Amino acid sequence: MKENMKPEKNVKGRKPFNCGRLLCLLVSASLCAAAFFVSGCGSDASGAGSTSVKASASEVGSSGQAAAPADTVTVSAKGSSYAVPDRAELRFGVRTQAKTASEAQADNSKSVDAVISVLKKNGISEENIQTTWYDVSPQYDWNTGNGDTITGYSVSSSLSVKNVKIDKAGALITACTEAGANEFNGVSYSCTEYDKYYGQALKQAVVSSKEKAEMLAEAAGRTLGPVTNIVEGYQDTTYAVNAKAMSAMDGAGAMEESAQSANLLPGEAEITANVTVTYVLK
């Protein structure tokens, strides 16, 4: 009997069964399954692999359920206010002619210097006086058919005088003409209280936007809710005064106005504002 109970030999190519390795595999599988269960069903929705859906605060209603974004209506509107301008910008010109360019330039410079001197005597500071044009041109003999023959030279120069008080402008035009300005190239107006009137126009634009939005909401069978966004549009600063040069003629003495002084009537200036406003639709 003992001879028949010999130990069994390993079959070639077959490894012994490893019970410890099997136990490790079973433990690992159990841990993975537990982790998956916690991730998929747990209350922490921020974890990786979470299947829960989280709505943002703006999308959650009072009941705690996700709500659709509110409907809106966007309108553009214009507002206006009216002011009487109290400042003027005057544009003078001096044109001279002579046989030579140097003579025409000398005569022109003399007249321009005289005009500038008059301006300064009447309280206009240099920062409000600007040379806007200067030109030297040859003159030709077109009457005799010799169009290529130069008969002399013409010199033109222009001055812009800003921030002149309206009640001083007429007498200033007369004084500059007498000093040598032989051209007057126009006038434009501005308001020292531009910001005040522009603010009024802005408020009117917002009021107008609400009126338009209410009409649209009513036509759609809805009502108007609060404002969600306001955008200021293009600002036309035509009637705005340069604050840096506001002192023009403020301290100047009264000018002697002649009977021939120009009489300027600025009328009313329309100051406008534009806005684009978005409202909630209920």
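Entry one. The model I am reading is a predicted one, and I began with the outward side of helix α2, where the face turned away from the buried side carries the exposed residues Ser102, Lys110, Asp113 and Lys121.

Entry two. I then listed the buried residues of α2, and found Ala104, Asn108, Ser111, Val112, Val115, Val118 and Leu119. These residues cover an arc of only 115° around the axis, which puts them on the same side of α2. I noted beside this that an α-helix has 3.6 residues a turn, so residues three or four places apart point the same way.

What covers the buried residues of α2? I found that the cover includes the strands β2 (87-98), β3 (129-140) and β4 (150-165), together with the helix α3 (166-179).

Entry four. I checked the length of α2, which runs over residues 101-121 and has 21 residues; from first C-alpha to last it reaches 30 Å, close to the 30 Å expected at 1.5 Å a residue. Just after α2, I saw that Gly123 takes a positive phi of about 90°.

Entry five. I turned to the largest pocket, which holds about 180 Å³ of space. Its lining includes Ala88, Glu89, Lys162, Asn163, Ser188, Tyr189 and Ser190, and also Thr238, Ala240, Val241 and Asn242. By class, I recorded 4 nonpolar, 5 polar and 2 charged residues in this lining.

Which strand gives the most to the lining of the largest pocket? I found that β5 does, with 3 residues, while β2, β4 and β5 (183-190) each supply at least two.

Terms used: Residues numbered from 1 in each chain as written. Predicted model: local features only at pLDDT ≥ 70, side-chain atom pairs only at ≥ 80, totals over all residues. Heavy atoms only, no water. Helix = DSSP H or I, 4+ residues; strand = E, 2+ residues; numbered from the N terminus. Expected span 1.5 Å × (residues − 1). Buried < 20%, exposed > 50% of the residue type's maximum accessible area, 1.4 Å probe, protein only. Arc of directions from axis to C-beta. Contact = heavy atoms within 4.5 Å. 1 Å grid on protein atoms, 1.4 Å probe; cavity = no way out; pocket = protein on both sides within 12 Å on 5 of 7 lines; lining within 4 Å. Points joined across faces, edges and corners; volume = space filled by probe spheres on them. Nonpolar A, V, L, I, M, F, W, Y, C, P; charged D, E, K, R; others polar.
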